[in-house]
Structure formats: structure tokens, C-alpha cells
Amino acid sequence: MLNPVLSNKPLIKSALVGAIWLFSCTGCSEQVEQKQPDSPLSLVNPLMGTDSTFELSNGNTYPAIALPWAMNFWTPMTAPMGDGWTYKYDDNKIRGIKQTHQPSPWLNDYGAFSLMAVTGELKFQEDARASWFSHKAEVARPNYYSVYLADYDVTAEVTPTERAAQFRFTFPQTDAAYILLDAFDKGSMVKILPEQRQIIGYSRNNHGGVPDNFHNYFVLEFDKDFEQVHTWTDDWQLDKDSLEQSGDHTGAIVRFATERGEQVGVKVASSFISHDQALLNLKRELANDSFEVTRQKGAERWQQELGRIEIEDDNLDAKRTFYSALYRVLLFPRSFYEYDAQGKVIHYSPYNGKVLPGYMFTDNGFWDTFRAVFPFFNLMYPELNEKVMEGLANTYLESGWLPEWASPGHRNVMIGSNSAINIADAYLKGVGHPHIETLYEAALKNAEVNDDRPMTSVGREGVNYYNTLGYVPYDVGIHENAARTLEYAFADFNLYQLARALGKAEDAELFQQRSLNYKNLFDTETGWMRGKNQNGEFQTPFNPLKWGDAFTEGNALHYTWSVFHDTQGLIDLMGGRDKFAQKLDQVFEMPPLFDDSYYGFTIHEIREMQIVNMGNYAHGNQPIQHMIYLYNHAAQPWKAQQKLRRVMDTLYAPTPDGYCGDEDNGQTSAWYVFSALGFYPVTPGTDQYVIGSPLFNKVTMTLPGDKKLTISASGNSATTPYIQSLSFNGRAYSHNWLSHRELLQGGELTFTMSDTPNKQRGTSTRDLPYSMSNVSSTDASADTHRE
């Protein structure tokens, strides 16, 4: 995910998780989700992808116990405070359950704190208090988590709302039942209020991207009187019988006397604005609700969202994979706004430290998510994306720049100018944009201004070179220059589309020309994209298998295909459709050779490519994830159909090692969700989705406006990936693409599948997906082409 970065382990692990999904532990109430054992919620495995390490990523996920797009997530901690790999499936001890805002282990966390229960001898240091646990006595659902803390004979449970949560601890008979609040290091405060049965405080831990006045304020409200209280401060110094503590690292301890099976409840809420706002969030979101009511509300919310895509198929593992992936798509971006006492939307700005009106979202890397996550929102959740767009406008107004990787403020990671793609694609697909002129101004600044950029990831690194030479040179000290050039060109295509839609003809012409800058890096001698020096000569020596250097977390075999908007132009550069298809074949058919000399060691993205037996196809990282669909542009759609099924069947599973690389903010999941439906947004900024190979017998999608789209696949099975025929609303359909506007009207897509490729369907020029080279520049409405 991040550069220069990194992750190794056996790829396949047994699916022990069946026991996890169905287990009901002592002290846990009846699981309301199990009343519908085949419901989408019951099929989600939040542990998918958690069998990961720094050396090899099988997802790099943690079990996010949260509501969709919530401000706070909760997760068990098996790793020490500050470790980005907070939960590793193979670990066997838990240190606590923490409130987390972590989007990725590479970005790490901010504003985190945790709760833990112990009995007997007081152990509060994180290593000493850690308890053995087993996945056999663990229940992980999106809306609920339970674990048996074996060292203390305690069952800990949590169920969340958007800004709050309820904990429930089931204790044995003891006079020494403790609940610990760890407010973490890098600045924290705790204050115990015995008469109110409360603990308040704040945590300030972060890894960048925050103003000086950043705080995460929290309030904990218990349902039982305290027998005794303590606090601790720096270096784990216990301060007995004290009520308040502040310092680098603080914590609070409350003791109870309990009967066997007695449950102690804790309501928790937080705010980035103030303690008063945290208490308001608690009262508003939890009110007088019991633990079970909060849990049921969470189940209903997840059922509502997951149930918008209904699958009818006997392949239970594929359904589990699909809904587990969909759950990941619906987690980010994180809501970073709250509601004041009058119910108005407000937010603490992670850019200027002020409390301001309006929406704010964060924890998203657009380098990943422009590809499929935001197109999914435009299809299924335009009302959400309208709020996200307002949040982007607010980011620009508060910081002077659009975000590219925010967590919670600007972070100096990754490349590109991909905010422009999200803005243009949303506007062109009809998402309400009351702030479109502000957003256009911001995107224009990204594309033109180099001065006063706060960091290399914001705006466009090398923009002056790009705008004068038509590329970012290899020899001017700007790393990943070829990747930047290709990504800027696609962003310029989106600005061309947006400017044209806004009636800004002069801008449209400029960005249309800049969108062709990808041609400046195509090397006819090797047939690959290649870094180019300032004097116009290609870099030497050149090894297309060299990762990094001119490219980002990939090599020339991966980035050459990053001409999302003009595949026909790339086909022409390569000498025609057959040669283009042969180049695609080559990536799959060659051995998984690589050159890791730029990094000095084998980064995890390379290892993930090497071990899956797909040649140089690196599905575990984002730059190449659209590549298979490009066979459709070469009039060989059957090759896409076969390879897409292979990827879905072998590189994804509903297990702890269920991904083949980083699951970054939903992108690798969104690829699966779209591909399982049978189409994919290869070119954001256009109206089209490119057809693949539907995975399920029947899918019913509930689209905005309650429109229904039914996708049926007659004759579908694991051995029939090929499309023999397709009809749309009863009429034969030969195109290799589908129109967004037509899909939004609902209807019926009916595929007939076979074990034999149909090499006549989808091969005529009129059936090929969008390429800018095939659209007249004078056609102001052309975002598809029909001949």
C-alpha cells in the first residue's frame, strides 16, 4: 500500500472461522443475527484478512467492529500499543479492546484508547495484563465482538454505534474484578468521577496529520458503583486511590466486587470536539438502550446495507467472501463529523484545528479507492457521496488543498491527483454537487500550482515539468516519475470531462491534450512504459521487471496498462489488438521474475505476486487490478472472463488469509464485489462499466430510488466462466460494456454461461468499451460510443 513498503506466510489457511461465526459463549446472549442464518450479516467474517504480517499481507486488516462509515471502530488488540498490526490472527493473547481510527497498518492509528478486564492480582501493564484467548471462544461480527479472557474467567463484549459503544463484562465471583482504561501514550488524561460512575479524559496519540490542539475526548459511564479506583502515569507508575492523572501515558482502574455471572456494563462515547460533545454523543446514540438493543440496532443497520445486494446461489463460500468484501467496502471513508445540541452537522477540522459547520470525512487513500470504491458509491450510495464531496470542499477551504491521503489530515504518502477523478466521476454520474465550483477550483489548483504545497503527496509533485514537458522526468530527483505522469494524465482526462460538462471549453481543450501525455512515456523498442530524462531520452539502463524507481509499488509490466481512458490509443502504440492482447498474455504467462534492487529487499507486494502462480500479474496491489478487463478492448473478452473467474476463485476466500495483498480502504474488496456482479468501472469519468464474468446464479440489486436490477446467469458454475450470450431487458446485448445511466433504471441482465468461449460475441468495433481515441472531440455528449 504505502511506499516504500512491505508483507509473508503460507497463503492458504483452514477456514476454522465456521466455528467462530456460530459459536455462542457462556455469558453471551442469544445472537439475534442467527435468527436469519443465511442473511448477509451472518455471512460476514470480520477476521478475513487478519492473518497478515509486515513481511506478507493477506489483507492487512483488523476485525473492525463498527457501523458503516462510522466515526469510531472497535477492535481487539493482540499487539502492543502503537503496533500497526494491532490484531494478528496467529497471536494467542489479547491486551484489550480499543477504539481505533486506523485505516491501514502503514498509516497506523490516532486518538486510540482501550478497555480491558482482569481479576485477582491487579495487572495493568499491557504485557502483564494480556490474557490467553482462543478463536474457538471468540465471536466476531460487524456489529458485535465477544472474547473469553481465559486468564481471568471473564467474557468481554462490545457492540458499537457511530460515535459510541456499549461494553459488557461477565465476571466470576470475586472481590477483585477490575476494568482498566488505557488512554495510551503521546499525551493523555484521565479523571475518575465516582459519584457519576464515570471516567472522562482524552487521548492525543497520532502518527501525523493533526493540528497542535488535537484531542480525542472520551466519557465512560458504568452501571455499577466503584469499590476502589487507581490511576497510572508514565512508565506504568501506579498511583493508588487517585482520581486524576495527566502525562505522556495515563490510565484509570476501577474495582468491583462481583457474583459469578454478574455483568458490568460500560457505555463509551468520544468526540474530537470536547468532553461535553462526547457526553452529548453518548446520550444521543445510546440513551437508555440496553446492550441488546444497541446490538440489534447495529444488526438492522448492517442488514439494511448488505441486503441491498441479494444473492441466490448454492456457493456458500463465495457468498461469504462477497458479503465479507462488501462489509469492507462500507467501512471507509470514516465520518469525521458530529451533531451539536441543535442537531446541526459540525466537525473538528484536522487541517486548521477549528470547529466548523458541515461534513468532513477522512481515512482514505484516493490512490487506491478512485478505482472501484467511489464508483461503487456513485452507483449504490450517491447520497453518501454527495456528503463526501462536501467534505472535500471543506478540506480545500480549510487547508488550501484537496486531500489525496487523509488520516485524519493530510499525510505524506502515495502519489497522484486522484481527488479530481472522484470529483469528476461523481458529478458526471449525477451525484448532487452544490459545491462543484469550489471543487473544480480546487482540482484546477492541483493541476497548475506547485508553490506552497504542504507535502509531496498533496497537489502534483513535478507539476511544472509535467505541464511543460508533458511528463515528469526521471533524472530530476522525483521518484516514481513515470507512475506520476500516467496518473496525472488520467486525472487530466477526468478534468477534461468535468470542464466540458461545466461549459468551460478552453479548460476542456487543455486537459484533453494533457490527457494524452501517457504517449510520451511509451517506448516502442520494448513495448512498455519507461521513465524519460529531462532531455527527452529514455532512462538507461531499463529493466521492465524493476519495481519502484520510475513506478509506484510495481514495474513497467504493471503500470503500462494505466491508460484507463484511452486503451485504444495504447493498442495503437503497441501495433494493434493482437499485439496488445499478446502483451497482456505475456504478463500472465511469464515466470514471476522481479528486480527488487530499488528497495534493497523484497517488499511484501513483490512477494504476494510471486507466490500465487499468475506470472507477473500482481493483483495484491492496486495498479494492475483493472488489467484483465482490457481484453475486452482488444476484442478478446473470453480471455477476461476466464482470468477473472480464476482470480475470484483462487485469490479470495472468507478466511483469515482471504486476500492476496493489502485490503486498502475497501478497494481490493470493491474489485471482488464488482467482478462478482459481472462488471467493473475500468474508466471512472465515463458512463461505462466493462463486462466480466458474473459469479452467482442470480443477484438482485436495490439501486437508488428503490429500482431493482436483476442479474441472472443461466448455466453458471465453477467450470462455466464464458458468456455465450447476454440480454438486457429481454433484448440481445452484444456490447462488452454497460451504461451507468441504463443500469440505474433497473431491469434484467440475463447471461447464458458456458464452458466454451464464444469468440464471436463482443468482437465488433461497436461492442468495444470506451476509449478517448474512438470518440469525436466535437461530440459534447460523448461519454460512450456507438457505431
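Helices here are DSSP runs of H or I with at least four residues, numbered from the N terminus. By that numbering, Thr 668 belongs to helix 20. The model is predicted.

**Helix 19 against helix 20**

- Helix 19 spans residues 637-651, and helix 20 spans residues 667-677. Their axes lie 11 Å apart, and the packing angle is about 130°.
- That angle makes helix 19 oblique to helix 20.
- The crossing of helix 19 past helix 20 is left-handed.
- From helix 19, the contact uses Leu 644, Val 647 and Met 648. From helix 20, Trp 671, Tyr 672, Ser 675 and Ala 676 meet them.
- Sorted by class, this contact of helix 19 with helix 20 has six nonpolar residues, one polar residue and no charged residues.

- Thr 668 has 0% relative accessibility, so Thr 668 counts as buried; the cut-off is under 20%.
- Its side chain makes a polar contact with the side chain of Gln 625, at 3.3 Å.
- Beyond its neighbours within four places in sequence, Thr 668 is in contact with Gln 622, Gln 625, Tyr 652, Tyr 659, Asp 662 and Glu 663.

**Helix 10**

- Helix 10 runs over residues 419-428 and is mostly covered. Eight of its 10 residues are buried.
- The buried residues are Ser 419, Ala 420, Ile 421, Asn 422, Ile 423, Ala 424, Asp 425 and Ala 426.
- The cover over these residues includes helix 7 (366-369), helix 8 (373-380) and helix 9 (382-399). It also includes helix 11 (436-448) and helix 13 (481-501).
- Gly 430 follows helix 10 and has a positive phi, near 85°.

**Val 266 in strand 18**

- Val 266 sits in strand 18, which covers residues 263-271.
- Val 266 counts as buried because its relative accessibility is 0%.
- Not counting residues up to four places away in sequence, Val 266 touches Leu 115, Ala 165, Gln 166, Phe 167, Phe 169 and Ile 179, and also Leu 220, Glu 221 and Phe 222.
- Lys 224 is 42 residues from Val 266 in sequence. In space, the two are 9.0 Å apart, C-alpha to C-alpha.

Key. Residues numbered from 1 in each chain as written. Predicted model: local features only at pLDDT ≥ 70, side-chain atom pairs only at ≥ 80, totals over all residues. Heavy atoms only, no water. Axes fitted to C-alpha atoms, helices over the stretch in contact; angles between N-to-C directions. Helix = DSSP H or I, 4+ residues; strand = E, 2+ residues; numbered from the N terminus. Parallel < 35°, antiparallel > 145°, perpendicular 65-115°, else oblique. Left-handed = near helix turned anticlockwise from the far one by under 90°. Contact = heavy atoms within 4.5 Å. Nonpolar A, V, L, I, M, F, W, Y, C, P; charged D, E, K, R; others polar. Buried < 20%, exposed > 50% of the residue type's maximum accessible area, 1.4 Å probe, protein only. Polar contact = N/O pair within 3.5 Å; in protein donor to acceptor, adjacent residues only side chain to side chain.
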